[in-house]
Amino acid sequence: MTWLAPLILILAQALPAGAPANVDPKVAAEVPKITEKLRQWRGTWAAVDGKLACRTIKTSGDEEIDKIGCFSTLTCVKPAYPELKAIADGKGTEAEKQTKIRAKLATLQPCLSQHRGQGIATLALKRGGA
């Protein structure tokens with residue numbers, strides 16, 4: 001799946017009103033660079049003292065890109081956290097709970113894609129000089 005076309009659309013929508021519809025080639029050139037580095041990022045989340053936290057497990061090598069990964073993760077997990085906690089605290093074997101948790105997390109993929117795309121677009125605008 002390529003993120004380039006949808007991200008160019010997001011970039012175009014992020015431009016101020018009255019701005020030209022064409023995306024600066026410098027900005028567009030940043031999108032695949034940022035996207036590829038974000039694909040290398042791995043992180044995890046947990047509840048710490050009742051608050052969600054994210055930790056980078058494998059860095060992209062770029063702190064701003066790592067922040068996109070964690071921000072997206074926390075933004076999307078937060079609304080689902082009460083249900084995830086209920087599953088974890090509920091009845092069933094650990095294997096059954098893990099299966100239910102994985103299924104719930106899988107439903108968060110559209111949210112993650114959207115927030116990562118927005119983060120990529122914002123960083124591309126910043127780095128591309130727009």
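**A pocket, a helix crossing and a disulfide**

Hello everyone, let me start with the largest pocket: strand E1 gives the largest share of its lining, 4 residues. Before going on, please keep in mind that this is a predicted model.

How much space lies in that largest pocket? About 320 Å³. The lining counts 18 residues, and the closest to the pocket's centre are Gly43, Thr73, Gln109, Leu112 and Arg116. By class, the lining of the largest pocket holds 10 nonpolar residues, alongside 4 polar and 4 charged.

Helix H2 covers residues 25–40 and helix H3 covers residues 63–89; their axes come within 9 Å and cross at roughly 65°. The crossing of H2 past H3 is right-handed. Which residues meet there? On the H2 side you will find Ile34, Lys37 and Leu38, and on the H3 side Ile65, Ile68 and Gly69. That contact is made of 4 nonpolar residues, 1 polar and 1 charged.

How many disulfides does a search of the whole structure find? There are 2. One that I would like to show you joins Cys54 and Cys70, with 2.0 Å between their sulfur atoms. The link of Cys54 and Cys70 is left-handed, with -75° about the S-S bond. Cys54 sits in strand E2 (residues 51–58) and Cys70 in helix H3, so this pair ties together parts that lie 16 residues apart in sequence.

Conventions. Residues are numbered from 1 along each chain as its sequence is written. This is a predicted model: local features need pLDDT of at least 70, side-chain atom pairs count only at pLDDT 80 or more; totals for chains, interfaces and linings use all residues. Side-chain values use heavy atoms; hydrogens and water are left out. Axes are lines fitted to C-alpha atoms, for helices over the stretch in contact, and angles run from 0 to 180 degrees between N-to-C directions. Helices (H or I, at least four residues) and strands (E, at least two) are DSSP runs, numbered from the N terminus. A crossing is left-handed if the near helix is turned anticlockwise from the far one by less than a right angle, and right-handed if clockwise. Contact means heavy atoms within 4.5 Å. Ala, Val, Leu, Ile, Met, Phe, Trp, Tyr, Cys and Pro count as nonpolar, Asp, Glu, Lys and Arg as charged, and the others, Gly among them, as polar. On a 1 Å grid over the protein atoms alone, a cavity is a set of points where a 1.4 Å probe fits but cannot get out, and a pocket is an open set with protein on both sides within 12 Å along at least five of seven lines; lining residues have an atom within 4 Å of a point. Grid points are joined across faces, edges and corners, and a volume is the space filled by probe spheres set on the points. A disulfide is a pair of cysteine sulfur atoms within 2.5 Å.
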